[in-house]
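Here is a walk through one structure, starting with its aromatic rings and ending with its core. Please keep the view open while reading.

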Amino acid sequence: MKLEHHFNSLCDGPLWNSSTAYSDSPDFTQCFHDTFLVWFPCFMLWIVAPLWTYMLTRRNSFKIRISVLFILKCAAILCLIAIEIFKITRAALDNKQKLHNYMTPSILIFSYLLCLLFVHFERKRGLKSSTLLFTFWLFLAIFISFTLRSIVLNRTNNNSSLSTLQFTVFIAFFVLVLLNVVLFSFAEKHYESRYEKNNKEEALLTDNDTSVDEKTKLKEFPEESVSLPSRLTFWWLTNLIITGFKRDLIRSDLWRLDDTELSEKLTNKFELNWTQKASKYVRERAKYGPIDDENDSDEKKKNKKMKH
């Protein structure tokens, strides 16, 4: 009851109405559309943001160049910020007193600014596809699609309280959110500099019997550089499957494994941890005397018996 009373003070009506939710034409209340359906994706973004930032700081950094895709993402987000600023200005000019008229656009503006920061930071850290931002835009598009359905039905039945300007602004808002879903479903491309290519060729010289030319013929492992939809649907395997269906695969059709997938790197990591733990155990055990004293004494007794 306290929560419902709090939302009643924010909006022009109740947060939940069972008569409309379970009617022949079910729908949420206007307060539910203006608050929960918009706030939930934003709060999800804010909760995951610290963990995502920590993950980005631990990545091996290589900078991705500014691309057309990057510019389009930033432009779409800036347009959404402009729409929310327009909503706040319009509410102030109309002397609207309810807090949700200012609170919801403010939450969206801060969320969009956080998206802009992540877009820039991910480019700096070499992340080609953002799982977090794609999920945010997808959830936001799904949630506000319920609001779009409600608005269209009300305008069809001539029950809409929105003016033509407000309806146009909402349509622009929905289209831009869908545009971001599409933009963030693509992965950025990384164009290697000459310095990076030289370093990669030096790193590939791990075997004496394998030349650089033979190893560089193998294509880059694509799983880490594709978008989330491609990874979930395994679409990045399509070209390899089609090639294998048409003819037998040859070595140049395959990918060079990522460093994280190589047994050599995992073995080196295991040996490093093993050495540290083993050294620590030996130091701790040395405090209590030689490790094999008891075994040595038993062997000496056996040798004496054998001599007699």
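Two rings of Phe, Tyr or Trp (its six-membered ring) count as a pair when their centres lie within 6.5 Å; planes under 30 degrees apart are called stacked, over 60 edge-to-face, and the rest tilted. By this rule there are 14 aromatic pairs. The model is predicted, so local features need pLDDT of at least 70 and side-chain atom pairs pLDDT 80 or more, while totals for chains, interfaces and linings use all residues. Residues are numbered from 1 along each chain as its sequence is written, and side-chain values use heavy atoms, without hydrogens and water.

Buried means under 20% relative accessible area, exposed over 50%, and partly exposed in between (1.4 Å probe, protein chains only). Phe-32 is buried at 12%, whereas Phe-28 is partly exposed at 29% and Phe-36 is partly exposed at 38%.

A nonpolar core is a set of buried Ala, Val, Leu, Ile, Met, Phe, Trp, Tyr and Cys residues joined through side-chain atoms within 4.5 Å. The largest has 48 residues, and Tyr-112, Trp-137 and Phe-173 are among those touching the most other members. Tyr-112 has contacts (heavy atoms within 4.5 Å) with residues including Ile-77, Trp-137 and Phe-173, not counting residues up to four places away in sequence.
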